[in-house]
Amino acid sequence: MIAIQKNNTINLARLQSLIALVTLCAIIAILSDKFLTMDNGWNVLRQIAVNVCISVGMTLIVLTAGIDLSVGSVLALCGAITAGLLKNGIKMPSADLFIGFTILGALLAGIIAGALLGWFNGFVITKFKVPPFVATLAMLTIARGLTMLWTQGHPISNLGPAFSVIGTGWFLGIPVPVWIAGMVVLIASFITRQTRLGRYIYAIGGNENAAILSGISINKVKLIVYSIAGALAAVGGIMVTSRLDSAQPNAGTGYELDAIAAVVIGGTSLSGGKGSIGGTVMGAVIIGVLNNGLVLLNVSPFWQQVVKGAVILIAVIIDKGGKKK
Amino acid sequence: MKRVLPLYVKIVLLGLLVVFTQCKQKKTASGKKKMAVVVSTLNNPWFVFLAETAAARATALGYDAKIFDSQNNTATEGDHFENIIVAGFDAILFNSTDANGSVANVLKAKAAGIPVFCMDREINATNAATSQILSDSYSGAVAIGMSFTQQLNKKGNYVELLGLVGDNNTWARSKGFHSVTDNYPGLKMVARQSADFDRNKAMEVMESILQAHPDIDAVFCGNDGMAMGAYQALVAAGKASKVKVYGFDGAEDVITAIKENKVAGTGMQFPKVMAETAAKFADEYIKGRRNFPQKIPVAVELVTPKNINEYIAYGKK
């Protein structure tokens, strides 16, 4: 009974965002004949790949009624760790030690670092009962500071052609970042729909006390969810770094807001328990299409921010209207 | 649920507090004079270089130097100035967040008897700072505009990528550039977008612009980070060899790219010269000198593949 109800709301929410997306595309396509081309389609998908990765992690967290403000900084730190290890390795002159890293090793190190940072968020939230907003706000600053320390404020560039494949390469006619984002989405969809972990995530967000009473180890679930989000932020960071062939110390500033926007536009409730990965992907596509369309139409940069905010509002209001019926 | 912190956390916090207070006592006890380096942001390698060079020179001259990051926020900058005054620093090497907004902060320091030496960015007051050593962004952009016009033979379609639209430097550079290029009707600006001085944003914006305008001849970018982002978008689109990219700053990546003939030119600023002059002036002030020129403009030099051998990142060889 409950399950059926949940599925209905999700489908309806996704339908609303789909209508919003189609309307948006139609408007831009009428105004610019360059919009509906194959090239531009890949462009938009490649550009949103990073936001999709982060937003998927954010969705899992928001489903548990949490939030993660640190994703942008964690993205920057993990991208920089990967780039630094790849380029310089670890040198310890005192012990006459040098450890070089292969691409795979550096990637793993970056992703593990992301998972650990996420785990730390979860640890602070579950162990000390710090609200997620505050705990991850602290991590936002800490991770940014660590990025500055690690890079000394300077970009780490020229990482080699093999590494740049991750961000700029093609595989079977589809850009590599789109493959990565697509796999992330499939795995996350599977987790939320088919596994016990997925059901626990919805249960915690729906009613935490009820979840505790029914024997779910909510701390463990939260630790897992925050670690996943951290690891996905790292994946995003690696893609950004690879695309630019450079780890920028200020990369990812403000990305948490884009991710939250994607989650909200996609119909996931910030109070937890309701929403879906598919909806979030739709939200990310809407934001990506908007960014792309506004530039294609050469809209003044002053107006772009106003338009973006307005579209987010409209999408959410349409979504609300749909739910009331 | 207990809301009180566990005992061991309290002990650690207390321990930290003791360590910090001890550090503070040590510093005042050492008797060294102190210089503060207040910089608009440390989120951009150029400013990191400016701040670090200033601090390094101050240390070399025998001072304790401390860097303060204003995070592009004039209010944060104001807090730093208040703390600096209370902590009794002897001079401030200053890179302002805002030409008008920062004046009040500088006047506060002046009233407290602490001399302020501006680096790179001007403040709109002649009676506040002891001396201002300034980068001439406008003239530098004029020089780029001239090279740009010549390279394109006075005709072609181009794109402009602006920095943060609320930033003075964005517009000084844009206006200097347009003061030249707007005189040639053959030069047509087909798109003008902001990429926030950010490499990733520049790449994304450029990718979209290339969809709307596949046949452009050149790009003018408000800083070097955006120039690299635009260049990468052009490489991905297979157009890097046809489109001329111009930047501004003289940062490491672009200097390398100019050497390899990938980027057509940039405006070299001299953060090292500005930072070291400011530190030298502050040292002389503390030792008694009082007559300083109010403004010292430091020229921005045009760097192209022709003269690249004279330059390294952030300065001349």
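I shall speak about the interface, then the salt bridges, then the cores and a few individual residues.

Please keep in mind throughout that this is a predicted model.

Let me begin with the interface. On the side of chain B, 32 residues are in contact with 34 residues of chain A. The two chains bury about 2,800 Å² between them, and 50% of that area is on carbon and sulfur atoms. Within chain B, B:Asn43, B:Gln193 and B:Gln211 lose the most area to chain A, and together they account for 21% of what that side buries.

As for polar interactions, 15 residue pairs are in polar contact across the interface of chain B and chain A, both partners being at pLDDT 80 or more. Which elements of chain B each supply at least two residues to the side that touches chain A? They are helix H1 (7–30), helix H2 (45–60), strand S7 (187–194) and helix H7 (199–212). H7(B) gives the most, with 10 residues.

I turn now to the salt bridges. Over all chains, the structure holds 14 of them. B:Glu207 lies in helix H7 of chain B and A:Arg46 in helix H2 (residues 38–63) of chain A, so this pair joins two chains. The closest N and O atoms of B:Glu207 and A:Arg46 are 3.6 Å apart, and both residues are buried. The count between chain B and chain A is 2 salt bridges. B:Glu207 also belongs to a network of salt bridges with A:Arg46 and A:Arg243.

Within chain B, the side chains of B:Arg199 and B:Asp253 meet in a salt bridge at 2.7 Å, N to O. Because B:Arg199 is in helix H7 and B:Asp253 in helix H9 (residues 252–259) of chain B, the pair ties together parts that are 54 residues apart in sequence. Both B:Arg199 and B:Asp253 are buried.

What of the salt bridge between B:Glu260 and B:Lys262, and how far apart are its N and O atoms? The distance there is 2.9 Å. B:Glu260 is partly exposed, at 46% relative accessibility, and B:Lys262 is partly exposed as well, at 35%.

Next, the cores. In soluble globular proteins, nonpolar side chains tend to be buried together. Here the largest nonpolar core has 152 residues, and B:Leu93, B:Leu161 and B:Val219 have the most contacts inside it. Leaving out residues up to four places away in sequence, B:Leu93 touches several residues, including B:Met35, B:Val37, B:Phe117 and B:Ala282. A second, separate core of 18 residues includes B:Ile84, B:Phe89, B:Phe94 and B:Ile123.

Is B:Asp283 buried or exposed? With a relative accessible area of 8%, B:Asp283 is buried. B:Asp283 sits in helix H10 (residues 271–286), and its side chain makes a polar contact of 2.5 Å with the side chain of B:Tyr63.

B:Asp120 is found in strand S4 (residues 116–120) of chain B and counts as buried at 6% relative accessibility. Beyond its neighbours within four places in sequence, B:Asp120 is in contact with B:Trp46, B:Asn95, B:Ser135 and B:Gln269, among others. The C-alpha atoms of B:Asp120 and B:Asp136 are separated by 8.1 Å, the two residues being 16 apart along the chain.

Thank you for your attention.

Conventions: Residues are numbered from 1 along each chain as its sequence is written. Chains are lettered from A and ligands numbered from 1 in the order in which they are written. This is a predicted model: local features need pLDDT of at least 70, side-chain atom pairs count only at pLDDT 80 or more; totals for chains, interfaces and linings use all residues. Side-chain values use heavy atoms; hydrogens and water are left out. Helices (H or I, at least four residues) and strands (E, at least two) are DSSP runs, numbered from the N terminus. Buried means under 20% relative accessible area, exposed over 50%, partly exposed in between (1.4 Å probe, protein chains only). A polar contact is a pair of N or O atoms within 3.5 Å; within protein, one must be able to donate a hydrogen and the other to accept it, and residues adjacent in sequence count only if both atoms are side-chain atoms. Contact means heavy atoms within 4.5 Å. Buried area is the accessible area (1.4 Å probe) that two parts lose on being put together, summed over both. A salt bridge is a side-chain nitrogen of Lys or Arg within 4 Å of a carboxyl oxygen of Asp or Glu. A nonpolar core is a set of buried Ala, Val, Leu, Ile, Met, Phe, Trp, Tyr and Cys residues joined through side-chain atoms within 4.5 Å.
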